[in-house]
Amino acid sequence: MLTALALGLALLGLLAVVALVPAGRRAGLVVLAGSALLSAGFALLAAGALAFGLPEGVLVLPFGPAWGAMSLALDGLSAWFLLLLGLVGLSASLFALGGPGRGLVAWPLFLGGMGLALLAADGFTLLLGFELMSLASWALVALDHREAGNREAARLYLVFAALAGTCLVPAFGLLGALDFAAIRAAPPEGWRAVAVLALGLIGAGAKAGLVPLHLWLPLAHPAAPSPASALMSGVMTKVALYVLARLLLDLCGPVQPGWWGVPLLAAGAASALLGALRANLEEDAKVALACSTIENVGLVTMALGLALLFRGADLGPMAALAAGAALLHAMAHGLFKALLFLVAGAVQHAAGSRRLDRLGGLIHAMPRTALAALVGIGAAAALPPLSGFASEWLLLQALLGGWRLGEIGLQVVAAAALALAAMAVALAAAAMLRLFGLAFLGRPRSPRGAGAREANRFELAGMAVPAVLTLLIGLFPGLALALAAPGIRVLVGPAAMPPVVGLAIGAGEGHSAYAPLVVLLLLGLVLVTLWLVVRRRSPALAERGPAWNGGFIDPPPEFVFGDPLSQPSAAGMAQPLRRMLGGSLLAGREAVTMPPPGDTRPARLEAGFEDRAALALPTPAARLRDAIADQVERLRGLTLRGSLSLGFATLVGLLALLAWLEAR
Amino acid sequence: MGFGQLPYDVAHLLGGGMLLLSFMLLYQRRVGAVVSVLAAQGGLLALAAAWQGFVQGAPQLYLTALIAAVAKAVCIPLALRWTIRRLALARGVDTALGIGPSLMAGVALVALAIMVALPVTSAAQALAREDLAMALSIVLLGMLMMITRRNAILQVVGLMSLENGLVLAAVGVAGMPLVVELSTAALVMLLLVVAGIFVFQMRERLDSLDIALLHPHRGEHE
């Protein structure tokens, strides 16, 4: 099986070479269809391995760096994330088939890099795949580089990818060995372990988009073409979380103290809250979705931190619950966020804009897309019986069990995290409601939006795959968790049992359980009863009348599609939350310019917000860069002999270092 | 092979002689003498290569010895002498670091080379180890010469001496293919051509070989 997976990775590399052949439309067909097939193969193999037994041992490749061969392996954790990669890769490749094939070289490389990072069984291979993923996705972000905003986004993205690389390389270097089995046998201790924690959290957090290293995410995800943003948001951030879990929970092993979970919990809670709040305020559909990604990455990180805390306190079942929440939410979010980005792509394709103030009423023009969007939005808003509810329910149950942690400090931390998580989930629901309402309900806000057409076959197929899966995971979370059981064991120990009660999921030794089928039955019963009562009691048959104008007069005749101002705008819907929370959390601002009496200019209300991290981080970073650049500039001014001396001094210094190391 | 055996002793003697000549390069005060010392070093290198060819039973090393003897002991010194005479250069050596400090720095570099080379190569046989330490010393001394002399000709001499050290290291290791020596020899010829053109151009434009005069000509002011 490992050989088949390695072959799949090699074929993805081959597809990238095929994309270089200038064959026009056919090359796009071959590359994207090939990517879709290979992704489906990955998903099948991963699901089969999870269900029927994982392949034993390690596949040692016949090549590698000077100090050892590269090696691949598949365990529960990597198989779970590989399943996600396969599913999202399949749907995004299908969706991309419906559009003009662009970024064809980077596309299979992006998929292959993620697959390599997931399958790696040593640090070098993992970092190689991780960096390949970063570089290929950077090429996809920079694809539309003619727009200045996209260039800026790509530059920022590259800076953060480099930051992630420069932190992860020493983090893996400090582990003392490259081979994963060797690291597990002798995990790092003392200051080295703490350094691994800090570097790993910064490195993987920068790639996953944890606050305060999330600045690139709301810029880069919208800049990429929609299928690429679906992959980036759905899978790439999860690969970063996989690296985080692999590094901190698996490789560093159960010997680490429980407080390791606290930084993860704090960073996750901050990301969840800030991301959910920003998702409520953004006026671009894809930017809002990207902010919602920050929120969900934060939730998964919180669950991982909780798993560390519970594992440190020897609470096996609770740790399994938290780890199960992390894995299930990673899968659920990967699917529904990919679905939502694909929907955003279809909407942009059909209605010509991503700005919420130019959309509206698309449910009439694009009913199937709207249905898919509704599934994704419902899952993102954590509505039962969809997948988002199941995983977030598990997370909240794990947080509610925080009182079992012995120390009072940890109990308080868990309680605070619970409050923040609940707030983030509620804010996310509000954001999703606003997104769907503005884009799909009401009336069109622009002529281009009014002329929208339904998405094409491939795009619909690409959206159908994650939509169906979101429904299935929502209805049968127990089965999904049973598949994830090997992954949970990798995270919290070989004795862990997934929190499953039959087809339902349960927490706290069966004290509370969530059975989606029962919930669905009850919901259906209520709805049918309601419908019957309404039909029975209503005096006459339903009639379609003109829409109520909300108290406005009829629009003037030149506005064929109605007065756009008679509908709520994106900024208008964001205003209450911006005033309530934006002031402290997001440096919101609001200014009224009132012209003096007698002046005929209209009064203006200027409102907006700025991310505090965007205000705080780049300035010192830019100052540091300038200082370094000044020093380097001085090197350029050296004389000929100075340059020679510099090289000579470096050589002598390195030799002295070598002599010192030998003498030790 | 160890102390008291003929192959080891002779190789040691030749390598030590080259190292000694490197020190002589550092303390000579006249350009003509520096070139003579370089020629002597080239000759010793040829002998060392021939001896290694004899000891290892590797006939290709005789070719290396021949190249070294012809190019390094005869041709390059003659070319340098001709350049000096043709350009009527000053005969004195213009140093950036005084003779005494250069020699002290040289001794420190040799100590460093021995400290590095001996432990690293503990698995190899004694002959290769000592040879490697001396070759590294010669390389470092050549570099030191390049950065402590102001005259362009002397910098070229430093580069040649550095290359002598590299070839000494290459011939000391059994089984090194001839390709390496041939290519380094070709590289040195090329470097000589470049350096010659450089010196002539400098002479024509600036009327001096002091490289300090080059600084304003890099497209930017100091």
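Reader: How many bridges join strand S6 to strand S7 of chain A?

Author: In this predicted model, local features need pLDDT of at least 70, side-chain atom pairs count only at pLDDT 80 or more, and totals for chains, interfaces and linings use all residues. Residues are numbered from 1 along each chain as its sequence is written, with chains lettered from A and ligands numbered from 1 in the order in which they are written. Strands are DSSP E runs of at least two residues, and helices are H or I runs of at least four, numbered from the N terminus; two strands pair if DSSP finds at least two bridges between them. S6(A) (residues 589-593) and S7(A) run antiparallel, and the bridges that join them number 5.

Reader: How many residues of helix H6 of chain B are buried?

Author: H6(B) (residues 152-172) reaches 31 Å from its first C-alpha to its last, close to the expected 30 Å, which is 1.5 Å times one less than its number of residues. The helix is mostly covered, and of its 21 residues those buried number 18.

Reader: Which element gives the largest share of the side of chain B that touches chain A?

Author: Contact requires C-beta atoms, placed from the backbone, within 7 Å; 13 residues of chain B meet 13 of chain A in this way. Helices H4 (99-120) and H5 (126-148) of chain B each give two or more residues to that side. The largest share, 5 residues, comes from H4(B).

Note on methods
Two residues are in contact if their C-beta atoms, placed from the backbone, lie within 7 Å. A residue is buried if 20 or more other C-beta atoms lie within 10 Å of its own, exposed if 12 or fewer, and partly exposed in between; C-beta atoms are placed from the backbone.
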